[in-house]
Amino acid sequence: MDRSPIARRPPLPLLAALLLAAPALPPPALAEPLPAASSGQISLSRTERHLEATGDPVWELALLIPGQPPRRFDALVGRAARQAADRHQLGSQAPLPKGRYRISELSEIPSGDNPELGRLHWIGLEPLFATARRGLGIHHDPSAGLGRRSGTDGCIGLIQGNDLVTLVDLVRRSGMRELDVRD
């Protein structure tokens with residue numbers, strides 16, 4: 001039996017309380033300009049772990065910033081049953097295609113938007129290669145491990161909302177501009 005923190009999620013009311021207590025960042029502009037690029041790296045890789053309740057494969061978003069310890073965030077990418085689907089097909093609910101992506105924006109998610117995007121922030125991603133996939137980004141996955149809505153429609157959904165707050169801050173301060181999806 002997997003004894004990782006992923007398999008032992010706190011009850012939903014506790015998760016909701018933790019997310020509501022997340023520190024708020026100052027509201028950015030709709031499409032906030034990003035600082036100059038840095039030498040840091042962001043990568044996304046599939047792990048061998050799965051969410052116990054839903055079978056979703058857990059992916060790892062890793063940040064390497066010179067002079068700082070590595071940071072790692074657990075994420076869901078696509079839907080559990082769509083992991084082997086065509087990753088270049090629009091609407092496939094498959095994980096992002098392998099390759100490099102430009103971080104295009106950091107913005108807050110308006111309260112009226114799709115609740116599956118979470119309530120916090122959006123980090124826009126643009127593929128730097130030919131693909132039919134569009135509208136990709138990094139957001140919180142509020143349904144992670146909670147049934148058929150667990151997973152994303154193809155974006156990177158961080159399992160913990162507070163991780164997204166930390167990630168947005170690190171991207172802002174470091175000036176990282178690209179993500180490498182390695183699978």
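This report describes salt bridges in a predicted model.

Local features need pLDDT of at least 70 and side-chain atom pairs count only at pLDDT 80 or more, while totals for chains, interfaces and linings use all residues. Residues are numbered from 1 along each chain as its sequence is written, and side-chain values use heavy atoms, with hydrogens and water left out.

A search of the whole structure finds 11 salt bridges, each being a side-chain nitrogen of Lys or Arg within 4 Å of a carboxyl oxygen of Asp or Glu. Among them are the following pairs.

| Pair | N to O distance |
|---|---|
| Asp74 and Arg49 | 2.7 Å |
| Arg102 and Glu126 | 3.0 Å |
| Lys98 and Asp183 | 3.8 Å |

Helices (H or I, at least four residues) and strands (E, at least two) are DSSP runs, numbered from the N terminus. Asp74 forms its salt bridge with Arg49, linking distant parts of the chain: Asp74 is in strand β3 (residues 71-77) and Arg49 in strand β1 (residues 41-50), 25 residues apart. Arg49 is partly exposed at 24% relative accessibility, a class between buried (under 20% relative accessible area) and exposed (over 50%), with a 1.4 Å probe and protein chains only.

Arg102 and Glu126 form another salt bridge. Because Arg102 lies in strand β4 and Glu126 in strand β5 (residues 121-127), this pair ties together parts that are 24 residues apart in sequence. Arg102 is partly exposed at 34%, as is Glu126 at 36%.

The side chains of Lys98 and Asp183 also meet in a salt bridge. Lys98 lies in the loop between β3 and β4 (99-108) and Asp183 in the segment after β8 (178-181), so the pair ties together parts 85 residues apart in sequence. Asp183 is partly exposed, at 29% relative accessibility. Lys98 and Asp183 are linked with Arg46 and Arg87 in a network of salt bridges.
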